[in-house]
Amino acid sequence: KHNKRFVFSKDFDGFQQIIIACFLSRRKLNSLFCQFKVDNKIELRILNITNSNLQANAFALVMEEVDGPRQLPIIIGSIEAQAIALKLKGLSTPRPFTHDLFVTFAELLQTKLEQVFIYKAKDGIFYSYLYFEKDGEQFKVDSRTSDAIALALRFECPIYTTEQILETEGYIPKVEDEIEVPDLNSTLEELRESLSKAVKDEDYELASSLRDEIKRIEQEDQSI
């Protein structure tokens with residue numbers, strides 16, 4: 001029996017808190033985390049990822065309202081952008097990303113991510129909760145929004161935010177942005193070889209562009 005009360009250190013990041021929480025008893029989970037409840041939530045989905053004009057080596061993750069016209073841009077780092085883009089494009093890597101490793105770990109411990117909730121935005125920074133379920137108990141963990149969205153894709157769970165955040169941080173686009181297709185004048189065989197090399201070299205941004213071009217050419221060939 002352990003009589004000492006467990007307290008999370010400020011040095012623990014979101015992932016470490018989740019891993020520790022998975023080992024705690026049901027009673028401790030209830031005492032450490034509030035119950036799973038989110039009201040007046042608005043569901044979002046990923047629209048696209050583009051280079052950020054505001055910060056160097058950063059990307060703009062554009063979310064859109066599922067049942068509405070509003071969009072929500074979120075600035076994220078290059079590593080998180082790669083993790084999200086890889087899952088969106090269906091690309092696999094020679095070695096698992098941290099988010100993939102965490103999903104495997106959570107599945108072994110029978111812990112499921114039920115939803116992500118972007119609950120606050122301040123000075124351009126978005127704050128999110130991860131809502132988990134384990135053995136019939138529900139708990140939440142604070143997380144960086146970029147990590148939360150990367151995990152939501154892998155757990156295939158919904159992403160929500162508030163009306164206030166969409167009103168203050170979102171916008172309604174006037175014209176639909178067109179996605180640029182890379183101009184790669186190569187044969188399919190050359191493209192596939194380049195794709196394999198890009199994945200091996202862990203150049204996932206190039207790999208995503210190559211994969212898009214391969215799909216485009218294959219679809220054109222089928223329509224002929």
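**Talking through the model**

Mentor: A polar atom in the side chain of Thr162 lies 3.1 Å from the backbone nitrogen of Ile165. That falls under polar contacts: N or O atoms paired within 3.5 Å, where within protein one must be able to donate a hydrogen and the other to accept it, and residues adjacent in sequence count only if both atoms are side-chain atoms. Before we go on, this is a predicted model, so local features need pLDDT of at least 70 and side-chain atom pairs count only at pLDDT 80 or more, while totals for chains, interfaces and linings use all residues. Residues are numbered from 1 along each chain as its sequence is written, and side-chain values use heavy atoms, with hydrogens and water left out.

Trainee: Got it. Which strand is Thr162 found in?

Mentor: Thr162 belongs to β7, residues 159-162. Strands here are DSSP runs of E with at least two residues, helices are runs of H or I with at least four, and both are numbered from the N terminus.

Trainee: And is Thr162 buried or exposed?

Mentor: Thr162 counts as buried because its relative accessibility is 17%. The cut-offs are under 20% relative accessible area for buried and over 50% for exposed, with partly exposed in between, using a 1.4 Å probe and protein chains only.

Trainee: What does Thr162 touch, not counting residues up to four places away?

Mentor: Asn40, Ile42, Phe117 and Ile118. Contact means heavy atoms within 4.5 Å.

Trainee: Which residue stands opposite Thr162?

Mentor: Lys41 does. Strand β1 (residues 41-51) runs antiparallel to β7, and four bridges join them. Two strands pair if DSSP finds at least two bridges between them. β1 is also joined to β2 (residues 58-65) by seven bridges, again antiparallel, and there Ile46 faces Met63.

Trainee: Where does the charged end of Lys41 sit?

Mentor: Over the ring of Tyr160, 4.6 Å from the ring centre. The rule asks for NZ of Lys or CZ of Arg within 6 Å of the ring centre and within 35 degrees of the ring normal. Lys140 does this too, with its charged end 3.9 Å from the centre of the Tyr129 ring.

Trainee: Switching to helices: how many residues of α5 are buried?

Mentor: 11 of 11, across residues 145-155. They include Thr145, Asp147, Ile149 and Arg154. Just after the helix, Glu156 takes a positive phi of about 55°.

Trainee: Is Glu156 buried or exposed, then?

Mentor: Exposed, because its relative accessible area is 71%. Glu156 sits in the loop between α5 and β7. Most residues other than glycine have a negative phi. Gln110 has a positive phi as well, near 55°, and lies in the loop between α4 (98-108) and β4 (111-122). Gln110 is exposed at 60% relative accessible area.

Trainee: How many residues has the largest nonpolar core?

Mentor: 44, with Met63, Ile74 and Ile149 among those having the most contacts inside it. The largest share, seven residues, comes from α5. A nonpolar core is a set of buried Ala, Val, Leu, Ile, Met, Phe, Trp, Tyr and Cys residues joined through side-chain atoms within 4.5 Å. Ile74's contacts, leaving aside neighbours within four places in sequence, include Met63, Phe126, Thr145 and Ile149.

Trainee: Thr145 again! Which side chain makes a polar contact with it?

Mentor: The side chain of Ser128, at 2.7 Å. Ser128 is in strand β5 and is buried, with a relative accessible area of 0%.

Trainee: Last topic, rings. How many aromatic pairs does the count come to?

Mentor: Six. Rings of Phe, Tyr and Trp (its six-membered ring) pair if their centres lie within 6.5 Å; planes under 30 degrees apart are stacked, over 60 edge-to-face and the rest tilted. Phe102 and Phe132 have ring centres 6.2 Å apart and planes at 75°, so that pair is edge-to-face. Phe102 is in α4 and Phe132 in β5 (residues 125-134), so the pair ties together parts 30 residues apart in sequence. Tyr119 and Tyr129 make a stacked pair, 3.9 Å centre to centre with 10° between planes.

Trainee: Which residues form one aromatic cluster?

Mentor: Phe102, Phe132, Phe139 and Phe155.
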